[in-house]
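Dear colleague,

I am passing on the structure we spoke about, with the sequence beside it.

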Amino acid sequence: MPNTPNTPMLSAKGELSTGGHITMKGNASFNSGYAVSDHFGLIVSGAMMSRNRVKQDFRHNLLEAGGGYFTAFGPNHNRILEIYTGLGRGSSDRTFKEKTSAGAQTFDRQETTFNKYFMQVNYSSKRKESLRLLGRDYPLNYGTALRLSYINMDEFFRNDVAQPTEDNIFLEPVFYTRMALSPSVQLQYTSGSNFGLKNRKFLTAGNSVFSVGFVINVGGLTNKK
């Protein structure tokens, strides 16, 4: 269950970005980024989900942090390139439920803790294209992120019995659109894919990224203008 990538669109020292996103399945992501200097930024992200259904229960938690380079360029410094790398740790608990012909219910519970290492490249445009709604113009920003993640299980239990651990490499191309509600607050829609590069039985790419959320940016070159 991939989290929404952290795309703070930092442009200058002292800029702070924070946001929250949620998918239709209920996976909530929280992202934050801070520009320590004019070209170095720190990012922190987290995700959590708890969903109970008739045939499957699923819960997971993830916390990750990283840092990297960013730069603003173009005639009006309205295009942003960011390169980040980092690591994280998480856990997942999934239970499959099935009723037998006798009316009894069987369970298959899979629990794991895992480590995550990622590298991510973001390209964003803050060009002032607008969407006109209800007689008002809302500026639109566009961006894309390409994230490469290596995830390896620390431990894996199936029905309380230890199992061989797995690892995988995930490639996630993601696209997002932001609509500026004010100079600092933007509504973001994110869509993307998730590909597992290794053939694994359990640690597979079963979900894509489709989320809606809000992003707040304070400071930076474009906000100062």
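Predicted model: local features only at pLDDT ≥ 70, side-chain atom pairs only at ≥ 80, totals over all residues.

Residues are numbered from 1 along each chain as its sequence is written, and side-chain values use heavy atoms, with hydrogens and water left out.

Overall fold

The C-alpha trace spans about 70 × 40 × 25 Å along its principal axes. Of the 225 residues in the chain, 44% are buried, where buried means under 20% relative accessible area, exposed means over 50%, and partly exposed lies in between (1.4 Å probe, protein chains only).

Cavity and pocket

Both terms rest on a 1 Å grid over the protein atoms alone: a cavity is a set of points where a 1.4 Å probe fits but cannot get out, a pocket is an open set with protein on both sides within 12 Å along at least five of seven lines, and lining residues have an atom within 4 Å of a point. Volumes are the space filled by probe spheres set on the points, which are joined across faces, edges and corners.

The structure holds 1 cavity of 30 Å³ or more, and the largest cavity has a volume of about 50 Å³. Its lining includes Pro5, Asn6, His21, Arg178 and Val215, and strand 1 (16-23) and strand 2 (28-35) each supply at least two residues to it, with strand 1 giving the most, 4 residues. This lining divides into 3 nonpolar, 8 polar and 1 charged residues (Ala, Val, Leu, Ile, Met, Phe, Trp, Tyr, Cys and Pro count as nonpolar, Asp, Glu, Lys and Arg as charged, and the others, Gly among them, as polar).

The largest pocket has a volume of about 640 Å³ and is lined by 29 residues, of which Met1, Phe58, Ser92, Leu203 and Thr204 lie nearest its centre. Among the elements that give two or more residues to this lining are strand 4 (56-73), strand 5 (79-99) and strand 6 (105-133), and the largest share, 5 residues, comes from strand 6. The pocket lining divides into 12 nonpolar, 11 polar and 6 charged residues.

Single residues

Strand 6 also contains Ser124, which is buried, with a relative accessible area of 0%. The C-alpha atoms of Ser124 and Thr144 are separated by 6.4 Å, although the two residues are 20 residues apart along the chain.

In the loop between strand 7 and strand 8 (161-162) you will find Asn159, whose phi is near 55 degrees, a positive value in a residue other than glycine. Asp160 is found in that loop between strand 7 and strand 8 as well, and has a positive phi of about 70 degrees although it is not a glycine. Asn159 counts as partly exposed at 40% relative accessibility, whereas Asp160 counts as exposed at 63%.

Finally, Ile216 lies in strand 12 and is partly exposed, with a relative accessible area of 36%.

With best wishes
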